[in-house]
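Let's take a quick tour of this structure together. Have a look at it first, and then we'll go through a few spots one by one.

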Amino acid sequence: MIMTATLSFLLLLVVAYLIARPYLVPESAPVAIGDLEDDRARLTARLNDLDMEYSTGKLADEDYETERAARLAELDRTEQALDELGAEEHVAQEDVADDDDPLERLIAQRRRALAGPSCPACGDPYDPDDHYCRSCGTDLSEVRSS
């Protein structure tokens, strides 16, 4: 009887240790730049979703300001972590043209041509039928005439 109680108690201690171990000794895994960039994209999408919910009237002003501040702080921490890792403005690999490789330069030129025209004020692409930029409202009739 005492042997069973002792073994049960030891088993309980082992299970409690295994459950509590991640909280007692946090493992610090090295953070990859790709993970931080994924986090930045996720946080930006969450911020855009929050803005959309607010603009459609689903959020009160106080809730919106609180949530927006929290998400901006988290995005700022991610940006700082990227800066600490020496991550400068990361551009997708397909957009980077190697100056030494003429084929890469041609590919980059073709991609820019296929992307279509972009707004001179904000850089967002616009359709040839648009009279104003959808992002910033810049008058595009002057751009098309020149």
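## Getting started

Where is Met3 placed? Met3 sits in helix H1, which covers residues 2-24. Helices here are DSSP runs of H or I with at least four residues, numbered from the N terminus, while strands are runs of E with at least two.

Keep in mind that this is a predicted model, so to speak of local features takes a pLDDT of at least 70, side-chain atom pairs count only at pLDDT 80 or more, and totals for chains, interfaces and linings use all residues. Residues are numbered from 1 along each chain as its sequence is written, and side-chain values use heavy atoms, with hydrogens and water left out.

## A nonpolar patch

Met3 counts as exposed because its relative accessibility is 60%; exposed means over 50% relative accessible area, buried means under 20%, and partly exposed is in between (1.4 Å probe, protein chains only).

Met3 also belongs to a nonpolar surface patch with Leu7, Phe9, Leu10, Leu12 and Leu13, and together they have about 640 Å² of accessible area. Such areas come from the Shrake-Rupley method with a 1.4 Å probe, and for residues only the protein chains shown count as cover. Patches take residues with over 30% relative accessible area and no salt bridge, joining nonpolar side chains (Val, Leu, Ile, Met, Phe, Trp, Tyr) within 5 Å and like charges within 9 Å.

## Salt bridges

Side chains of opposite charge can pair when their charged atoms come close. A salt bridge here is a side-chain nitrogen of Lys or Arg within 4 Å of a carboxyl oxygen of Asp or Glu, and the count comes to 6.

One of them joins Arg42 to Asp39, with the closest N and O atoms 3.7 Å apart. These two are 3 residues apart in helix H2 (residues 33-55), so about one helical turn separates them. Arg42 is partly exposed at 37%, and Asp39 is partly exposed at 30%.

Arg71 pairs with Glu67, at 3.6 Å between the closest N and O atoms. In helix H3 (residues 61-84) they are 4 residues apart, again about one helical turn. Arg71 is buried at 17%, whereas Glu67 is partly exposed at 36%. Then there's Arg134 with Asp130, at 3.2 Å: Arg134 is exposed at 65%, but Asp130 is buried at 11%.

Asp35 lies in helix H2 and is partly exposed at 44% relative accessibility. How far apart are Asp35 and Leu82 in sequence and in space? They are 47 residues apart in sequence and 9.8 Å apart in space, C-alpha to C-alpha.
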